[in-house]
Each structure stands twice: as C-alpha cells, then as structure tokens.
Amino acid sequence: DPGLSARWRFTPNLTMSAAVNPDFSNVEADAAQLDINTQFALYYPEKRLFFMEDANLFDTPYGIIYTRTMVNPDWGIKLSGKEGANAIGFFSVHDSETLITFPSSQRSETVSLDMSNYSNALRYRRDIGKSSVLGFTVTDREGKDYYNRLAGLDGFFKLSRKDLFLFQLFGSSTRCPDDVAREYQQPYGDLKGRFFGLEYHHDTQNYGMFLIYHNVTPGFRANLGRFYEVDYNYINGGGRYTWLHNPGHWYTRINTQIAYQYEEDHDDHNLLNKALTLDVYYDGPWQSYLYLTLNIGKRGYMGGLFRENFLTFNMGAQPSGSFSMAINGAYGDKIDYSNLQAGSRLRINPTMQYKIGRHLFLNLNHVYEKLDVTGGRLYTANLSDLSLVYQFNRRTLLRVILQYAHFNYNSDLYSFYIDPKFNHLFSQVLFSYKINAQTVLFLGYSDDYYGFSFMPNLKQNNRTLFLKIGYALVI
C-alpha cells in the first residue's frame, strides 16, 4: 500500500508539504478513555505527522480547527510558516470518510458517513507589538449535498503587563444531506449560526481576576473543529489569591480561587448550568502538588433540573527524575444521562511513570468509576492502560501496549436493554527504527478481544500484522 510524502522549503521558515495515500494507521494507539455516561464527545490528541507539523499555526482560542475530524485522507497538501510578524497555515485534504459531530446544548452525537469530502482550512495571523496577535480563519468542507463553511476573526491582546484580553467571532453556514438530516433529526436546508467569545484577565504575582463570556447560536457548526456544544449563553467570573515561598519550604505556592458560572440556552433561556466553584492549589517539595475543586450548583438536562455538588481532586509527586505518581478523581452528584435521573459518582484514576535504568520505561494508568442511583448501583467500570517501552538506543525501541476494559451494568435499572457485562482487551507490540520523522521502519502486531454476558470467554475480533517502511530522499 504505497504512499508518498514530500516537503519543499520556499524559505527557511515557509514549507510546502504534500501527501498521497498517507498511512495514518496502526503505529500510534490512542490512550484509553472511559466513555460511559458522557454528555459530549471525547477529545483525542493529534498524533499524525502531516497534521502535527506547525500545528500551532492553526490554533485559535476555542478550537475552530481540530484535525482529528479528518479520518482517512487520500491526499493532502499544506503550506505553513512564519515570516517576521506574519504567520500562515493552509491545508487541503481529500478524506474518503466524513466524520460529523451533531452538537446541541444538551449533548453531542458523532457519526461517520460513507461519503468523501474536501476539507480546507486557511489561517493567517499577525503579531501586533511584542505580545499581541490578530488572526483570521476560514474553513470549508464540501461533500455530496453537504457543506460546512466558516469564517471569522480572533485576537489576543496584552494590554499591559497585568491585563490580557482575547476574543473570537465566527459565523458558519452548513447543509446536511436530506437523508442524514432526517435520520439524525437535524435541520433541513441551509443552517446559519454564530459564535462570539471574549475573555479578560488581570493578573499579578499574588492576585488576579477574570471574566469569560460566550454566545453561541443553535445553528453554529464547526465540522472541522472541536465544537460539541452550541445554543448557549455562558458567563464565568472570579478571582484568586496566591501565597508564594522559596524552594525548600513546606510549600512553594498556595493558590485559592473562587468563581461563579451561569449558562442558559440561547433562545428560550432555560438553565443549563449554574455553579459556585472553590479551588485550592498547593505546590510543595519533590514537585508535589494537590489541587482541590468544590462545585456547588445545578444543571439542567432534557427538561429536568439536577443538583450538582461534587469534589474533584488531583495530587501527585515526582520524588526523583525516574519516578512520578499521581491520582485524580471525583466524588459527588452526577447525572445519569442515559436514564435521565440523579446519581452519585465515585471516580478514582491513579497513574504511575517509572524509568527503570537507562532503557526501560513503564507507564501505568487505571480508571475506576461507579454510579449509584435511587434503585442501587447502575454501573461499575474499570479501565486499565499499560505501556512498556524498551529504548535500545536513540533510534530503536520496542513498545508494548495493553488496554483492558471491564464494565458491569445493572440492566434492571436501565430504561432500555443493555448487556450486563462488557469486556474489551486491546494489545499492540511495535518495533520502531527511526532515523528521522520520514525515514522509519515500523513492524508490529495488534489485536482486539471482546466479551459479553452470553460469552464464556473473550472472542477475538481482529488481528493485524503490519510493516511500514518510509524513506526520506533529500534533494
């Protein structure tokens, strides 16, 4: 399955890239994420080299461009670079699949359509003075009886050493094929929308304050971006105070913050969320830290109003350069989005990274979550992710990834049928020899196993043996 990538530097700072039939599969496995009882779509970071190069040139304050929306490109071209105060990023990609997220104020749904499209984005920004930026972005996605077009401005202005102001204003026009609109209950015809956001921050060494405002109409769509929620007005404001101390003391920083946020839908002004949040951040010896957030509020969902009082925590330390550990989690109110009822959640997520000698690196991550409702335990979820890397030398490594998910559901408490048990095992072994980003050899194996209550053992879903060779020819 041959592919070709090429790069041409017009100047030391301006590069043209092109790729035909690029291979984006197999080599990088996404970190496992718990996808039970989520309100909006999950976020996965970009790992593909074609999109990662100069990715910062496409950044906007609120994620207008998110390249993981391009699933299986047949070809792509990209121009990117910075000359003096001017920076430009442009790409055009032909994608054989069309991944669309249908957003709303309540939840989002992501679907993959068997339809090709052309995805195009242009981003221009100009530095103003020493620390301010003004940007302009246009995106366009075109398919059969489908388009999503978007354009707008954003700015980042350092008003003084203490004051920062940023804004983003975008408008969009979208049309879905009639059969897709009918199946997923989306509007017919041309759909128009607008996003407006602004932030103001005043910060000194010991205290600060901020104000954030968003106004998003129901028809706004950013199909090349990471917009999972629309149809809302949102305001968030607060202040902080910080105590600092020299290294060696029992603390180096203690930060306290109080904020209030209020969110309602755009047209009917129904409450979506209101909350008072109290934050305490602690940094201490051995690069230790403890972050606590107390949320006291209410959330509106599908016509109901639910209490949302919970505590989140994140703590960790790095006592040596070779070992670090952390644990984060949450306890308190959580809506059962599947059955429209109140619940109580406990979530614990310990992680560990350990470099054993000069060559072996271990990364372990586990997520435990349970949700209790009026009738009892709704579900219990365990998700483990193990990565083991042996670095032979600067160019060569062997990596093993194991991901295991085990979910138990109380099917009697669901308003629809759900299997009471789900298991998933994913494994990948990769040998990598890399001279540079383009001259590489990857040899690997991966497989998937699934299990349900009616199956006594895990059943293999697929297996893949892959070899990828890339060679960079410098002319």
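**Close-up 1. Strand 17 and strand 18 run antiparallel and are joined by nine bridges.** In this predicted model, strand 18 covers residues 323-336, and strand 17 covers residues 304-320. One of the contacts to look for is the bridge between Ala317 and Met325, the latter being the partner that lies in strand 18. The passage from strand 17 to strand 18 is made by a hairpin, in which two residues connect the strands.

**Close-up 2. Strand 16 pairs with strand 17 in the antiparallel sense.** Tyr301 can be found opposite Gly304, which belongs to strand 17. These two strands also form a hairpin, with two residues between them, and within that hairpin Met302 adopts a positive phi near 50°.

**Close-up 3. Met302 sits in the loop between strand 16 and strand 17.** Although Met302 is not a glycine, its phi is positive, at about 50°. Is Met302 buried, partly exposed or exposed? The relative accessible area of Met302 is 44%, and this residue is therefore partly exposed, since that class lies between the limits of 20% and 50%.

**Close-up 4. Asp54 is a residue other than glycine with a positive phi, near 60°.** Asp54 belongs to the loop that runs between helix 1, residues 49-52, and strand 3, residues 73-83. Because its relative accessibility is 32%, Asp54 counts as partly exposed.

**Close-up 5. The largest cavity of the model has a volume of about 90 Å³.** The count of cavities of 30 Å³ or more comes to one. Which elements give two or more residues to the lining of the largest cavity? They are strand 5, residues 98-102, and strand 10, residues 163-175. Strand 5 gives the most to this lining, with three residues. Among the lining residues of the largest cavity are Ile100, Thr101 and Phe102, together with Thr174 and Arg175. The lining of the largest cavity also includes Cys176, Gln186, Pro187, Gly189 and Leu191, as well as Arg221 and Asn223.

Terms used. Residues numbered from 1 in each chain as written. Predicted model: local features only at pLDDT ≥ 70, side-chain atom pairs only at ≥ 80, totals over all residues. Heavy atoms only, no water. Pairing = 2+ DSSP bridges. Helix = DSSP H or I, 4+ residues; strand = E, 2+ residues; numbered from the N terminus. 1 Å grid on protein atoms, 1.4 Å probe; cavity = no way out; pocket = protein on both sides within 12 Å on 5 of 7 lines; lining within 4 Å. Points joined across faces, edges and corners; volume = space filled by probe spheres on them. Buried < 20%, exposed > 50% of the residue type's maximum accessible area, 1.4 Å probe, protein only.
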